[in-house]
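Trainee: I'm new to this one. Could you take me through the sheet slowly, strand by strand, and show me what lies against it?

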Amino acid sequence: MSALLAEYAQRWRLTLGPPFENLSYNYVAPAVRADGREVVLKLGVPHRELWSEIEALIFFAGRGCVQLLEADPAGGALLLERLRPGRPLRALVEEDDERATALIADVMAALWRPAPSDHAMLTIEAWARELETLRPTFEGGCGPFPPHLVDAAERLFPELLASSGSTVVLHGDLHHENILSTAEGAWLAIDPKGVVGEREFEAYAMLRNPLGWPLAQPNPARVLKRRIDQLAERLTLDRERMRLWSIAQCVLSAWWDYSEDAGRDFGAKNDDLQVAQILWEMKA
């Protein structure tokens with residue numbers, strides 16, 4: 001890693017700082033360019049998701065999203081503007097979740113534009129196909145996954161894809177930790193997946209986040225419904241399609257969690273499955 005950091009520091013004329021705390025998949029560190037501009041260096045493993053992120057950042061071009069300054073797709077490196085003060089939107093949730101939801105809606109509106117006809121970004125359809133490996137893993141069953149939710153996700157993905165309206169470039173993981181404050185008082189998204197699909201799909205990530213928070217409220221169903229209502233009213237979105245997309249994607253996200261951890265510490269208390277169950281019981 002040190003050799004790789006030295007290479008990009010030289011290439012992009014950076015003075016690197018220590019990495020940010022709580023890193024997961026990528027190495028992310030603040031830096032200063034030779035001209036004094038504060039930036040962020042992000043290093044990841046070159047793969048389809050990272051390439052889709054780069055393409056999405058180029059597509060968004062700073063509209064509702066952090067700006068990409070340099071990129072080396074083959075090396076898995078991105079150089080991004082640094083957002084200051086960089087306070088995550090998650091900090092507002094306990095103070096005023098309605099305001100936080102309204103700000104997420106504003107970011108959504110700034111991001112969404114029709115996808116280019118020729119692109120290599122991720123798609124909802126490609127993601128949905130990953131659910132096909134669930135039943136074979138459990139010899140045709142559902143393992144620790146509630147059968148009615150697996151059945152629902154397997155039915156909903158093709159139905160919703162077939163009936164989708166116009167598609168746009170979505171963030172794909174637009175939740176409270178992925179939206180930061182700027183010095184100008186705006187809020188911008190970071191870490192886009194770059195997923196092409198219908199607008200209503202974008203609701204999923206914000207409904208289930210901050211992780212654990214909606215489920216810890218006295219009435220989680222009321223929180224989720226109010227968030228859906230807010231998005232529907234501010235962005236003219238279909239409430240039922242938001243609910244159904246979110247059920248399907250919650251099941252897929254839970255399957256990703258199970259697959260990544262080889263089933264360790266996985267159970268019915270998985271946040272995604274709990275949110276999916278609440279949405280399943282909810283009347284839109």
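This is a predicted model: local features need pLDDT of at least 70, side-chain atom pairs count only at pLDDT 80 or more; totals for chains, interfaces and linings use all residues.

Mentor: Five strands make up an open sheet, and going across it you meet them as β1-β2-β3-β5-β4, with antiparallel pairing. β1 (14-16) and β4 (68-72) sit at the edges with a single partner strand each, so one side of each has no neighbour in the sheet. From one strand to the next, the twist averages 30°.

β2 (residues 27-33) and β3 (residues 38-43) run antiparallel and are joined by six bridges. If you want a spot to look at there, find P30, which stands opposite V40 in β3. Lying on the sheet is helix α1 (residues 2-11), which touches β1, β2, β3, β4 and β5 (77-81); the direction of α1 makes about 140° with that of β3. Helix α2 (residues 48-60) packs on the sheet too, touching β3, β4 and β5, and its direction is at about 35° to that of β5.

That brings us to β5 itself. β3 pairs with β5 over five bridges, in the antiparallel sense, and β4 pairs with β5 over four, also antiparallel. Pick out L78 in β5: it is the bridge partner of K42, and L78 is the bridge partner of A71 as well. Between β4 and β5 there's a hairpin with four residues separating the strands, and G76 in that turn has a positive phi of about 75°. Finally, five of the five residues of β5 are buried, so this strand is largely enclosed by the rest of the structure.

Technical notes
Residues are numbered from 1 along each chain as its sequence is written. Side-chain values use heavy atoms; hydrogens and water are left out. Two strands pair if DSSP finds at least two bridges between them. Helices (H or I, at least four residues) and strands (E, at least two) are DSSP runs, numbered from the N terminus. Axes are lines fitted to C-alpha atoms, for helices over the stretch in contact, and angles run from 0 to 180 degrees between N-to-C directions. Contact means heavy atoms within 4.5 Å. Buried means under 20% relative accessible area, exposed over 50%, partly exposed in between (1.4 Å probe, protein chains only).
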